[in-house]
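Subject: Structure for you to look through

Dear colleague,

Please find the structure below, followed by my notes on what turned up in it.

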Amino acid sequence: MQNIRELLLNFTQDDYKKGVNLHIHTVFSDGKSTPAEILSQAQSLGMKKIAISDHNTLGAYLKNNLLNNEMVIPAIEFDCWYMGCLIHILGYGIDVHNKDLQALCAKTKAGTQADIVRLFSFRDPKKVIEAIHNAKGVAILAHPACYWVFSLNFMVKKLMKLGLDGLEVYYLYRRHRGIIKFHSAKKVARIAKKYNLIATGGTDEHGVLKK
């Protein structure tokens, strides 16, 4: 696969609308489809690139033959606490066999699935971002509009000092994310542009992939 940073920078907003979905969950965390089902759904939809980004686990990659598929970008989504908020940091283009990354993964199924357990997962975002970088990946802040902070700009600037590479800009804010939203998608896009951050996108799919 080409350099992950270069790959992500080349995707456009139109790509995320039509053929790229970089935020998908499977049964290895709290999704309903298996990795094989997601891959089959993506192929039937003629998608260009997907990323299975399960919560706190690399199981979808370690237990399935996904890494040899050109459509798949290896990914993970970590729960972290920062500035009094539970935030999610996505890692893209990662080496799933990296020991630093594996050390941060949940040790039980509940740690990938149960909201109440994940709420008490006190991962340090600095260590998460460092582990993603050590695994040759890029670190992206997921669904930024949902974080209950007075200044999203301030949070992003602080995370950038820890090495944050980008923001999930092209996101539809469905399900509870569409209700628990404290900032606008336009604000997220402005911040990403202001700081020249990588802009990614995905649906945060937990069910079946759709057009």
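This is a predicted model: local features need pLDDT of at least 70, side-chain atom pairs count only at pLDDT 80 or more; totals for chains, interfaces and linings use all residues.

Is strand S6, then, mostly covered or mostly open? Strand S6, made up of residues 166-171, is mostly covered, since 5 of its 6 residues are buried.

**Salt bridges**

Side chains of opposite charge can pair when their charged atoms come close. How many salt bridges does a search of the whole structure find? The search finds 4 of them, and I describe some of these below.

One of them is formed by the side chains of Asp-14 and Lys-18, with a distance of 3.6 Å from N to O. Both residues belong to helix H2, residues 13-18, and because they are 4 residues apart there, about one helical turn separates them. Asp-14 is partly exposed, with a relative accessible area of 40%, whereas Lys-18 counts as exposed at 65% relative accessibility.

Another salt bridge links Asp-15 with Lys-48, whose closest N and O atoms are 3.1 Å apart. Asp-15 lies in helix H2, while Lys-48 is in the loop between helix H3 (35-44) and strand S2 (49-52), so this pair ties together parts of the chain that are 33 residues apart in sequence. Asp-15 counts as buried, because its relative accessibility is 17% and the cut-off for buried is under 20%; Lys-48, by contrast, is partly exposed at 44%.

A further salt bridge brings together the side chains of Glu-130 and Lys-126, at 2.6 Å from N to O. These two residues both lie in helix H8, where they are 4 residues apart, or about one turn of the helix. Glu-130 is partly exposed, with a relative accessible area of 36%, and Lys-126 is partly exposed too, with 37%.

**A nonpolar patch**

On the surface, Leu-119, Phe-120 and Phe-122 form a nonpolar patch, and together they have about 350 Å² of accessible area. Phe-120 sits in the loop between helix H7 (115-118) and helix H8 (125-134), and it counts as exposed, with 54% relative accessibility.

**Cysteines**

How many disulfides does the structure hold? The count is 0. Cys-105 is in no disulfide, and the cysteine sulfur nearest to its own, that of Cys-80, is 12 Å away, whereas a disulfide needs the two sulfur atoms to be within 2.5 Å. Cys-105 counts as buried, at 10% relative accessibility. Cys-146 is likewise in no disulfide, and for this residue the nearest cysteine sulfur belongs to Cys-85, 11 Å away. Cys-146 also counts as buried, at 7% relative accessibility.

With best wishes

Note on methods:
Residues are numbered from 1 along each chain as its sequence is written. Side-chain values use heavy atoms; hydrogens and water are left out. Buried means under 20% relative accessible area, exposed over 50%, partly exposed in between (1.4 Å probe, protein chains only). Patches are made of residues with over 30% relative accessible area and no salt bridge: like charges are joined within 9 Å, nonpolar side chains (Val, Leu, Ile, Met, Phe, Trp, Tyr) within 5 Å. Accessible areas come from the Shrake-Rupley method with a 1.4 Å probe; for residues, only the protein chains shown count as cover.
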